[in-house]
Amino acid sequence: MLTLRRILCLLALSAAGIPFSPRLPAGGGEVPAQGMLNPFFTFDNGLSGEDLSTPRARAALLADLGYAGIAYGGFGQLPELLEALDERSLELFSIYTGVQLDGDGPRYDPALAGALKLLRGRRTILWIYVRSGEHR
C-alpha cells in the first residue's frame with residue numbers, strides 16, 4: 001500500500017527532474033547518437049477523435065508525426081497502449097494519476113498496483129497530483 005511517506009518520496013523524485021533520456025558523457029560531449037537529449041512527447045489529451053479511439057491508432061499517429069512517445073492519464077487500456085508503443089519503438093514517459101489525502105488515509109486508483117507491475121523495467125515516471133480539502 002502506498003503510504004503518505006512513499007507518496008511524498010515519489011513526488012520528490014518527480015520534482016528532482018529525473019531525465020528521460022541518456023545523459024551526456026562526463027565532461028561534456030555530443031548528443032547521443034540514439035536521439036535528442038530531451039525527447040519530444042505529447043500528453044494523451046492531445047490525441048482525440050473517432051479515428052484515435054484505440055491505443056494502436058494513437059501510437060501510429062505519434063510515430064507518423066515524429067514524437068518519441070506519450071504521457072498518459074490514468075490506467076485504462078494500459079496493457080494495450082504499452083504493446084502499441086513497443087511495436088513502434090515509442091516510450092511511455094509518464095502516467096498522470098492522483099492521490100486524495102482526506103479521510104482515514106491516502107486514497108488512489110486501485111489499478112495502480114497492477115500498473116506498477118506492467119511498468120517494471122521501464123523508465124515511466126508516475127506524475128502524481130495530490131488533492132485535499134483538509135490539508136491546506
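1. Helices and strands are taken here as DSSP runs, a helix having at least four residues and a strand at least two, numbered from the N terminus. By this assignment, Gln77 belongs to the loop that joins strand 2 (69-73) to helix 3. The model under discussion is a predicted one.

2. The backbone at Gln77 deserves a remark: its phi is positive, about 60 degrees, although the residue is not a glycine. Most residues other than glycine have a negative phi. Gln77 counts as partly exposed, its relative accessibility being 37%.

3. A further case is Ser89, located in the loop between helix 3 and strand 3. Ser89, also not a glycine, has a positive phi of about 55 degrees. With 68% relative accessibility, Ser89 counts as exposed, because the cut-off for that class is over 50%.

4. Helix 4 spans residues 112-119, and its buried residues include Leu112, Ala115 and Leu119. These residues lie on the same side of helix 4, because they cover an arc of only 60 degrees around the axis. In general, an α-helix has 3.6 residues a turn, so residues three or four places apart point the same way.

5. The cover over the buried residues of helix 4 includes helix 3 (78-87) as well as strand 3 (91-100), strand 4 (107-108) and strand 5 (125-131). After helix 4 comes Gly121, with a positive phi near 90 degrees.

Key. Residues are numbered from 1 along each chain as its sequence is written. This is a predicted model: local features need pLDDT of at least 70, side-chain atom pairs count only at pLDDT 80 or more; totals for chains, interfaces and linings use all residues. Side-chain values use heavy atoms; hydrogens and water are left out. Buried means under 20% relative accessible area, exposed over 50%, partly exposed in between (1.4 Å probe, protein chains only). The arc is that of the directions from the helix axis to the C-beta atoms. Contact means heavy atoms within 4.5 Å.
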